[in-house]
Amino acid sequence: MNITTLTLTAALVLTVAGCSKTDTTSPGATPDGSAAATASAAPVANAGSSYDLVATKGKGFTVGALMSAQPVYVLFDPQCPHCGRLWQASLPLLSKVKFVWIPISFNPAKSLPQGAALLGAVNPVETMTAHEQSLLAGTGGMAASADVPEELKQAINSNTQLLNQLGVDSVPFLLGKHRKTGDIVSFNGAMETTALANLLGVE
């Protein structure tokens with residue numbers, strides 16, 4: 001398999017922004033993303049090993065085409081509105097793509113409890129969709145207990161360290177394989193459904 005990182009042209013990316021640690025913890029961060037950092041197609045050094053690292057160490061919840069042999073990994077912060085937009089863009093592709101959503105925490109007071117609740121959800125699609133709708137509506141997302149089980153706390157902290165290990169400082173961050181070529185693809189930021197399908201080689 002040819003291990004490369006594909007990029008998208010600006011014409012395909014209709015929304016290119018992400019949330020960094022500063023954005024999600026600063027008082028100026030807003031649900032409309034006005035305080036968010038600009039993001040783009042994100043070449044990652046040693047893309048193949050990065051993909052394997054996330055596949056091995058990331059702890060997330062799986063949605064979509066569960067039998068697919070080519071999972072797409074998305075590292076996200078539950079308080080990031082751009083992650084919410086990427087989630088919404090991914091919904092039409094769930095019949096074709098297996099997504100693993102891996103929660104990290106830039107803002108432990110809010111992101112950690114919500115990430116734990118999402119990891120433990122019986123119906124992750126329904127729970128995540130309701131959470132992201134609330135977040136994008138400016139109401140803060142799902143209510144979640146601050147009493148997070150230690151194993152879930154450790155998992156989310158490890159996911160956050162994993163993001164740092166990859167040399168990435170904002171989310172959403174996506175790593176996947178192009179359906180037709182098998183090449184590793186990565187992207188840092190939100191995008192619309194057509195651009196996401198194009199990136200992943202899904203028709």
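Helices α4 and α6 are roughly perpendicular to each other, a label used for angles of 65 to 115 degrees (under 35 counts as roughly parallel, over 145 as roughly antiparallel and the rest as oblique). Their packing angle is about 110°, and the axes lie 10 Å apart. Here axes are lines fitted to C-alpha atoms, for helices over the stretch in contact, with angles running from 0 to 180 degrees between N-to-C directions. Helix α4 spans residues 111–119 and helix α6 residues 150–165; helices (H or I, at least four residues) and strands (E, at least two) are DSSP runs numbered from the N terminus.

On the α4 side, Leu112, Gly115, Ala116 and Leu119 meet Leu152, Lys153 and Ile156 of α6, where contact means heavy atoms within 4.5 Å. These residues divide into 5 nonpolar, 1 polar and 1 charged.

## About the model

This is a predicted model, in which local features need pLDDT of at least 70 and side-chain atom pairs count only at pLDDT 80 or more, while totals for chains, interfaces and linings use all residues. Residues are numbered from 1 along each chain as its sequence is written, and side-chain values use heavy atoms, leaving out hydrogens and water.

## Aromatic rings and the core

Let's turn to the rings. The whole structure holds 5 aromatic pairs, counted when ring centres of Phe, Tyr and Trp (its six-membered ring) lie within 6.5 Å; planes under 30 degrees apart are stacked, over 60 edge-to-face and the rest tilted. Trp87 and Trp101 make an edge-to-face pair, 5.2 Å centre to centre with 75° between the planes.

Which residues have the most contacts inside the largest nonpolar core? They are Val54, Phe61, Phe99, Trp101, Leu163, Leu196 and Leu200, in a core of 49 residues. Such a core is a set of buried Ala, Val, Leu, Ile, Met, Phe, Trp, Tyr and Cys residues joined through side-chain atoms within 4.5 Å.

## A cis peptide bond

Most peptide bonds are trans. Val171 and Pro172, however, are joined by a cis peptide bond with omega of about 5°, and Pro172 sits in the loop between β7 and β8.

Note on methods
Nonpolar A, V, L, I, M, F, W, Y, C, P; charged D, E, K, R; others polar. Buried < 20%, exposed > 50% of the residue type's maximum accessible area, 1.4 Å probe, protein only.
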